[in-house]
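Q: I'd like to learn how to read a structure feature by feature. Could you walk me through this one?

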Amino acid sequence: EVFMSKPYDGLAGQEVEKVYRKDITDPRAYFESCIQNRYFLDELVIQHPDMNVLCASSVNTMRVMTFNDNGKPEILWIGLRVGNGVNAVDNFHADGMVVTVDLQTGRLVGNGVNTERTFTHHPASGVQFDGFQIPCFEEAKALALKAALESDKILVVGWDVAISENGPLIIEGNRRPGFVLPQMADGRGCKDLMRKVLCRARPDVKI
């Protein structure tokens with residue numbers, strides 16, 4: 001009855017839409033349009049009720065940045081992307097927010113930020129960001145670490161991990177992991193992360 005539509009090669013949540021079957025008057029024409037415009041369709045994720053408390057209008061995903069260090073997966077950084085309460089996507093560049101996640105506890109640390117403002121509480125739900133507990137956190141980390149080993153060519157991946165009503169699942173992996181997110185959420189540069197990766201993966205490169 002409801003599903004998501006997304007461009008094959010889109011970025012930053014652009015043109016991602018929630019589609020209702022009742023609005024499709026000609027299924028064949030819709031199918032042909034998807035092929036012509038290079039869209040793919042994905043099932044609608046039903047978000048964990050605890051995550052709905054924070055923002056129910058979008059599936060709020062963790063950006064889990066992993067590093068495949070010669071077959072040893074490692075998590076470099078985790079942030080929670082949160083929708084603004086209006087849009088159906090949580091992307092930072094679609095007026096969403098990002099908050100740092102404590103790697104050990106799965107609790108949010110500090111405030112949410114978008115491209116213009118800082119928020120102590122979600123502007124729609126009123127829930128305080130700092131201290132909010134992400135459910136199924138250990139399972140989500142384990143899932144991302146397992147996924148990090150899928151490729152020995154793309155060593156750093158930004159996984160979008162949702163917490164569904166049945167536990168964590170991966171929406172997608174991003175070969176450009178989004179270094180702007182830790183810089184905005186933590187309020188600092190992240191050359192240390194890049195240096196760590198390059199020193200191990202490319203010792204011939206100086207940074």
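A: Gladly, and keep in mind that this is a predicted model.

Q: Let's begin with the sheet: what is the order of its strands, and is the pairing parallel or antiparallel?

A: As a general idea, strands of a sheet pair through backbone hydrogen bonds, in either a parallel or an antiparallel way. Here, seven strands form an open sheet in the order 8-7-6-5-4-9-10, and the pairing is antiparallel. Strand 8 (118-119) and strand 10 (167-174) are at the edges with a single partner strand each, so one side of each has no neighbour in the sheet.

Q: Which helix packs on the sheet, and which strands does it touch?

A: Helix 5 (residues 191-201) does, touching strand 4 (62-69), strand 5 (72-82) and strand 9. The direction of helix 5 makes about 155 degrees with that of strand 5.

Q: How many bridges join strand 9 and strand 10?

A: Strand 9 (residues 156-164) pairs with strand 10 over seven bridges, in the antiparallel sense.

Q: Where does Phe129 lie, and is Phe129 buried or exposed?

A: Phe129 is in the loop between strand 8 and helix 3 (137-147). A residue counts as buried under 20% relative accessible area; Phe129 is buried because its value is 0%. Setting aside residues up to four places away in sequence, the contacts of Phe129 include Leu54, Val82, Met97, Leu108 and Phe119. The C-alpha atoms of Phe129 and Leu108 are 6.1 Å apart, although 21 residues separate the two along the chain.

Q: How many aromatic pairs does a search of the whole structure find?

A: The search finds one. Phe3 belongs to strand 1 (residues 2-7) and Tyr30 to helix 1 (residues 27-36), so the pair ties together parts 27 residues apart in sequence. Phe3 counts as buried at 17% relative accessibility, while Tyr30 is partly exposed at 23%.

Note on methods:
Residues are numbered from 1 along each chain as its sequence is written. This is a predicted model: local features need pLDDT of at least 70, side-chain atom pairs count only at pLDDT 80 or more; totals for chains, interfaces and linings use all residues. Side-chain values use heavy atoms; hydrogens and water are left out. Two strands pair if DSSP finds at least two bridges between them. Helices (H or I, at least four residues) and strands (E, at least two) are DSSP runs, numbered from the N terminus. Contact means heavy atoms within 4.5 Å. Axes are lines fitted to C-alpha atoms, for helices over the stretch in contact, and angles run from 0 to 180 degrees between N-to-C directions. Buried means under 20% relative accessible area, exposed over 50%, partly exposed in between (1.4 Å probe, protein chains only). Rings of Phe, Tyr and Trp (its six-membered ring) pair if their centres lie within 6.5 Å; planes under 30 degrees apart count as stacked, over 60 as edge-to-face and the rest as tilted.
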